[in-house]
Amino acid sequence: MSLAGKVAVVFGASGYVGSGAVHAFLEAGATVVAVGRDAAKLAALQAKLSVNVAALHTLVGETKDEETTKHLHENLNKLLNGKAIDRT
């Protein structure tokens, strides 16, 4: 199944199961927003991927944190409207 033109948000992306989901979504052609608490693990995930890496966007934060969820929401709106996202 092709997910071209679709956006997937993966929480826990720096973990074993989450990183597998990121890879599967990218392989299917989706744009992926990978959310995780560990910046080093997200960077390692990005470095080891060989499929559709340009479609991967990472966001470091805790989903229980209001600032993280606000930042994610703002950037998803930008991404869905074809604009660059703010990774800070």
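This is a predicted model: local features need pLDDT of at least 70, side-chain atom pairs count only at pLDDT 80 or more; totals for chains, interfaces and linings use all residues.
Trainee: What is the mean pLDDT of the protein chain?
Mentor: The mean is 83, and 86% of the residues reach 70 or more. pLDDT is the predictor's confidence in each residue, from 0 to 100.

Trainee: Where is confidence lowest, and where is it highest?
Mentor: It is lowest in helix H3 (residues 66-80), at a mean of 74, and highest in H1, at 93.

Trainee: How many helices and strands does the protein chain have?
Mentor: The protein chain has 3 helices and 3 strands. From the N terminus on, the elements run β-α-β-α-β-α. Both kinds are DSSP runs numbered from the N terminus: helices are H or I with at least four residues, strands are E with at least two.

Trainee: In what order do the strands sit in the sheet?
Mentor: The order is E1-E2-E3, in an open sheet with parallel pairing. Strand E1 (7-11) and strand E3 (56-60) are at the edges with a single partner strand each, so one side of each has no neighbour in the sheet. Neighbouring strands of this sheet are turned by 15 degrees against each other on average, direction ignored. Axes here are lines fitted to C-alpha atoms, for helices over the stretch in contact, and angles run from 0 to 180 degrees between N-to-C directions.

Trainee: How many bridges pair E1 and E2?
Mentor: E1 and strand E2 (residues 31-36) pair over 5 bridges, in the parallel sense. Two strands count as paired if DSSP finds at least two bridges between them. Ala8 stands opposite Val32 in E2, and Phe11 has Val35 in E2 as its bridge partner.

Trainee: And how many for E2 and E3?
Mentor: E2 and E3 pair in the parallel sense over 5 bridges. Val32 has Leu56 in E3 as its bridge partner, and Gly36 stands opposite Val60 in E3.

Trainee: Where do the helices go? H2 first: which strands does it lie across?
Mentor: Helix H2 (residues 39-48) lies across E2 and E3 and runs at about 170 degrees to E3. E2, H2 and E3 make a right-handed β-α-β unit. Right-handed means that, with the strands pointing away from the viewer, the path from the first strand over the helix to the second runs clockwise.

Trainee: Which other elements make a right-handed β-α-β unit?
Mentor: E1, H1 and E2 make one.

Trainee: Changing topic. How many residues of E2 are buried?
Mentor: In E2, 5 of the 6 residues are buried, so E2 is largely enclosed by the rest of the structure. Buried means under 20% relative accessible area, exposed over 50%, and partly exposed in between, with a 1.4 Å probe and protein chains only. E3 has 4 of its 5 residues buried, so E3 is also largely enclosed by the rest of the structure.

Trainee: What share of the protein chain counts as buried?
Mentor: Of its 88 residues, 35% do.

Trainee: How many salt bridges does the count come to?
Mentor: The count comes to 1 salt bridge, the term meaning a side-chain nitrogen of Lys or Arg within 4 Å of a carboxyl oxygen of Asp or Glu. Arg37 forms a salt bridge with Glu62, and their closest N and O atoms are 3.5 Å apart. Arg37 is in the loop between E2 and H2, Glu62 is in the loop between E3 and H3, and the two are 25 residues apart, so the pair links distant parts of the chain.

Trainee: Is Arg37 buried or exposed?
Mentor: Arg37 is exposed, with a relative accessible area of 66%. Glu62 is partly exposed, at 26%.

Trainee: Last one: where is Asn52 found?
Mentor: Asn52 is in the loop between H2 and E3. Asn52 has a positive phi of about 50 degrees although it is not a glycine. Its relative accessible area is 33%, so Asn52 is partly exposed.

Definitions and conventions. Residues are numbered from 1 along each chain as its sequence is written. Side-chain values use heavy atoms; hydrogens and water are left out. Contact means heavy atoms within 4.5 Å.
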